[in-house]
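Subject: Structure handover

Hi,

Here is the structure for you to look over. My notes on what turned up follow below it.

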Amino acid sequence: MASVNKVILIGNLGRDPETRMTADGRPICSLAVATTRRYKDSQGALQEETEWHRVILFGRAAELAKDYLRKGSSVLIE
């Protein structure tokens with residue numbers, strides 16, 4: 001039986017997108033996305049935890065990221 005894994009990231013870019021081309025001329029774009037989780041610890045103090053995600057985009061999505069995204073941009077990646 002096949003399984004499906006789906007991830008939705010909502011965060012901000014930590015650096016400008018890095019775009020390069022494959023040998024056959026297709027664009028690839030690398031992103032660093034920061035997501036932040038806020039919660040109260042056992043003493044009731046507010047805590048904040050940031051996690052970094054490396055995301056790779058291909059084809060048309062890579063071209064759009066290169067043209068429209070910059071460091072600090074808010075993104076939703078599905």
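A salt bridge here is a side-chain nitrogen of Lys or Arg within 4 Å of a carboxyl oxygen of Asp or Glu. By that criterion, six salt bridges are present. Bear in mind that this is a predicted model.

Lys 6 and Glu 78: their side chains form a salt bridge, at 2.7 Å from N to O. Lys 6 sits in the segment before β1 (9-13) and Glu 78 in the segment after β5, so this pair links parts that are 72 residues apart in sequence. Both Lys 6 and Glu 78 are exposed.

Glu 48 and Arg 38: the closest N and O atoms of this salt bridge are 3.0 Å apart. Glu 48 belongs to strand β4 (residues 46-58) and Arg 38 to strand β3 (residues 27-40), so the contact ties together parts that are 10 residues apart in sequence. Glu 48 is exposed, at 53% relative accessible area. Arg 38 is exposed too, at 56%.

Glu 63 and Arg 60: this salt bridge spans 3.2 Å, N to O. Both residues lie in helix α1 (residues 59-68), three residues apart, or about one turn of the helix. Glu 63 is partly exposed, with 32% relative accessibility. Arg 60 has 55% and counts as exposed.

There is also a nonpolar item. Ile 8, Ile 10 and Leu 76 make a nonpolar surface patch of about 320 Å². Leu 76 is part of strand β5 (residues 74-77). Its relative accessibility is 55%, so Leu 76 counts as exposed.

Best regards

Conventions: Residues are numbered from 1 along each chain as its sequence is written. This is a predicted model: local features need pLDDT of at least 70, side-chain atom pairs count only at pLDDT 80 or more; totals for chains, interfaces and linings use all residues. Side-chain values use heavy atoms; hydrogens and water are left out. Patches are made of residues with over 30% relative accessible area and no salt bridge: like charges are joined within 9 Å, nonpolar side chains (Val, Leu, Ile, Met, Phe, Trp, Tyr) within 5 Å. Accessible areas come from the Shrake-Rupley method with a 1.4 Å probe; for residues, only the protein chains shown count as cover. Helices (H or I, at least four residues) and strands (E, at least two) are DSSP runs, numbered from the N terminus. Buried means under 20% relative accessible area, exposed over 50%, partly exposed in between (1.4 Å probe, protein chains only).
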